[in-house]
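Please read these points with the model open beside you.

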Amino acid sequence: MFSITVRDHLMVAHSFRGAVFGPAQRLHGATFIVDATFRRPELDADNIVVDIGLATQELGGVVGELNYRNLDDEPAFAGTNTSTEVLAKVIADRLAERVHAGNLGESARELTGISVTLHESHIAWATYERTL
C-alpha cells in the first residue's frame, strides 16, 4: 500500500457536555496539527499516490471551513461533542467528498482510503480512517 501525507493546522473554540470532560465543559480553545494521509495499492500513471499540491490545497480548504470558529455556534455540530475523534472524522469525510468531486484530480478517484490524524499535543492524538 502506498501513501502520502500532507499537513496543516487548525484552531477552534468549543465546549463539551458531560462530566467525563471535567473543566473542558467550559468554552476553551484547541489547536491541532492536522495530518491527512491518502492511500492506494498501486501508483497512478504518473507514479504518484495523488498530487501533493492538490492534496495540500484541498486539506487547506477543509481546515479553512473550521479554522478560527467557535464550533458550539456552527449548525453542523449542533448537539455534538466536537471531540478530537469527531473532528478527525469530519475532516476525513469532507476530504472524501472532494476526492469524489474530482478536486484532487481524476486519478485520485482510484484512492482506496484516507486517514486523518489530529495532534492535540506532542503526547496525544486521534486518528480516523475510512475507505473511499
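**Notes on the fold**

1. Start with α2. This helix is mostly covered: 12 of its 17 residues are buried. Buried means under 20% relative accessible area, exposed means over 50%, and partly exposed lies in between, using a 1.4 Å probe and protein chains only. Helices (H or I, at least four residues) and strands (E, at least two) are DSSP runs, numbered from the N terminus.

2. A word on the source. This is a predicted model, in which local features need pLDDT of at least 70 and side-chain atom pairs count only at pLDDT 80 or more, while totals for chains, interfaces and linings use all residues. Residues are numbered from 1 along each chain as its sequence is written, and side-chain values use heavy atoms, with hydrogens and water left out.

3. Which residues of α2 are buried? They are Thr84, Leu87, Ala88, Val90, Ile91, Ala92, Asp93, Arg94, Leu95, Ala96, Arg98 and Val99. Their cover includes β1, β2, α1, β4 and β5. After α2 comes glycine 102, with a positive phi near 90 degrees.

4. Is arginine 94 buried or exposed? Arginine 94 counts as buried because its relative accessible area is 19%, and the limit is under 20%. Leaving aside residues up to four places away in sequence, arginine 94 touches Val62, Glu65, Leu66, Ala76 and Phe77. Contact here means heavy atoms within 4.5 Å. Valine 90 also belongs to α2. Valine 90 is buried, at 17% relative accessibility. Its C-alpha lies 23 Å from that of serine 107, which is 17 residues away along the chain.

5. Now the sheet. It is open, has 5 strands in the order β3-β1-β2-β4-β5, and its pairing is mixed. Two strands pair if DSSP finds at least two bridges between them. The edges are β3 (69-70) and β5 (125-131), each of which pairs on one side only.

6. Take the pairings in turn. β1 and β3 run parallel and are joined by 2 bridges. Alanine 13 faces asparagine 70 of β3. β1 and β2 are antiparallel, over 13 bridges. Valine 12 stands opposite alanine 30 in β2 and also opposite arginine 69 in β3. β4 and β5 are antiparallel too, with 7 bridges. A hairpin of 5 linking residues connects β4 to β5. Histidine 119 stands opposite tryptophan 125 in β5.

7. How do the helices meet the sheet? α1 lies across β1, β2 and β3, at about 15 degrees to β1. α2 packs on the sheet and touches β1, β2, β4 and β5, its direction making about 145 degrees with that of β4. The axes are lines fitted to C-alpha atoms, for helices over the stretch in contact, and angles run from 0 to 180 degrees between N-to-C directions.

8. Next, the largest nonpolar core. A nonpolar core is a set of buried Ala, Val, Leu, Ile, Met, Phe, Trp, Tyr and Cys residues joined through side-chain atoms within 4.5 Å. The largest one holds 32 residues, of which Val34, Phe38, Val50, Ile91, Leu95 and Val116 touch the most other members. β1 (2-14), β2 (28-40), α1 (52-66), α2 (84-100) and β4 (113-119) each supply at least two core residues. α2 gives the most, with 8. Not counting residues up to four places away in sequence, valine 50 touches Ile4, Phe38, Ala55, Leu104, Ala108 and Leu111. In soluble globular proteins, nonpolar side chains tend to be buried together.

9. Last, the rings. Rings of Phe, Tyr and Trp (its six-membered ring) pair if their centres lie within 6.5 Å; planes under 30 degrees apart count as stacked, over 60 as edge-to-face and the rest as tilted. By this rule there is 1 aromatic pair. Phenylalanine 16 and phenylalanine 21 form it, stacked, at 4.4 Å centre to centre and 25 degrees between the planes. Phenylalanine 16 is buried, at 10% relative accessibility, whereas phenylalanine 21 is partly exposed, at 26%.
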